[in-house]
Amino acid sequence: MVNDFEISLQDKSTEELSTNASEHGNVRGLFALNSMPNHDCLANTTHTFGSSKEGFVMTVKALRDIKAGEDITHSYAEPMNTVLARQTILQMGKFFHVS
């Protein structure tokens, strides 16, 4: 649960979905390399997922220039959510402890 990614199926056609996935509206996936970046609410990368027909390929893009030696980061929570919502998601899904 800590290293997985939620892949929304909301925008995908219903023909692509299994019965179980369409009921829930999302699937969870593990992407070994993409599990390594640290969390930052002001991340320097963003990611998207391809369709199920494309194998849910994850594409990571830099949001700005990243200097040599600088950490590559992504947000583990939706950046547009409120601070309280992000903290709750991070505590429940990633076991972050907010003090």
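Because the model is predicted, local features need pLDDT of at least 70 and side-chain atom pairs count only at pLDDT 80 or more, whereas totals for chains, interfaces and linings use all residues. Residues are numbered from 1 along each chain as its sequence is written, and side-chain values use heavy atoms, with hydrogens and water left out.

## Overall make-up

The protein contains two helices and six strands, these elements being DSSP runs numbered from the N terminus (helices are H or I with at least four residues, strands are E with at least two). Along the sequence they follow the order β-α-β-β-β-β-β-α. Of the 99 residues, 28% are buried, where buried means under 20% relative accessible area, exposed means over 50%, and partly exposed lies in between (1.4 Å probe, protein chains only). Among contacts (heavy atoms within 4.5 Å) between residues at least 6 apart in sequence, 55% join residues at least 24 apart.

## Helix H2

Helix H2 has 12 residues and reaches 15 Å from its first C-alpha to its last, close to the 16 Å expected at 1.5 Å a residue; the expected span is 1.5 Å times one less than the number of residues. The buried residues of H2 are Arg86, Leu90, Gly93 and Lys94. They cover an arc of only 95° around the axis, which puts them on the same side of H2, the arc being that of the directions from the helix axis to the C-beta atoms. The exposed residues Leu84 and Met92 sit on the face of H2 that is turned away from its buried side. Just after H2, Phe95 takes a positive phi of about 60°.

Ser75 is placed in the loop between strand E6 (73-74) and helix H2 (83-94). Its side chain reaches the backbone oxygen of Ala77 at 2.5 Å, a polar contact in the sense of a pair of N or O atoms within 3.5 Å, one able to donate a hydrogen and the other to accept it, where residues adjacent in sequence count only if both atoms are side-chain atoms. Leaving aside neighbours within four places in sequence, Ser75 is in contact with His39, Asp40, Cys41 and Ala43.

Thr46 lies in strand E4 (residues 45-49). The C-alpha atoms of Thr46 and Ser75, 29 residues apart along the chain, are separated by 7.8 Å. Not counting residues up to four places away in sequence, Thr46 touches Thr59, Val60, Lys61 and Leu63.

## The salt bridge

The structure holds one salt bridge, defined as a side-chain nitrogen of Lys or Arg within 4 Å of a carboxyl oxygen of Asp or Glu. In this pair the side chains of Glu70 and Arg64 meet at 2.5 Å, N to O.

The table gathers the accessibility of residues named above.

| Residue | Relative accessibility | Class |
|---|---|---|
| Ser75 | 12% | buried |
| Glu70 | 29% | partly exposed |
| Gln87 | 30% | partly exposed |
| Thr46 | 36% | partly exposed |
| Arg64 | 42% | partly exposed |
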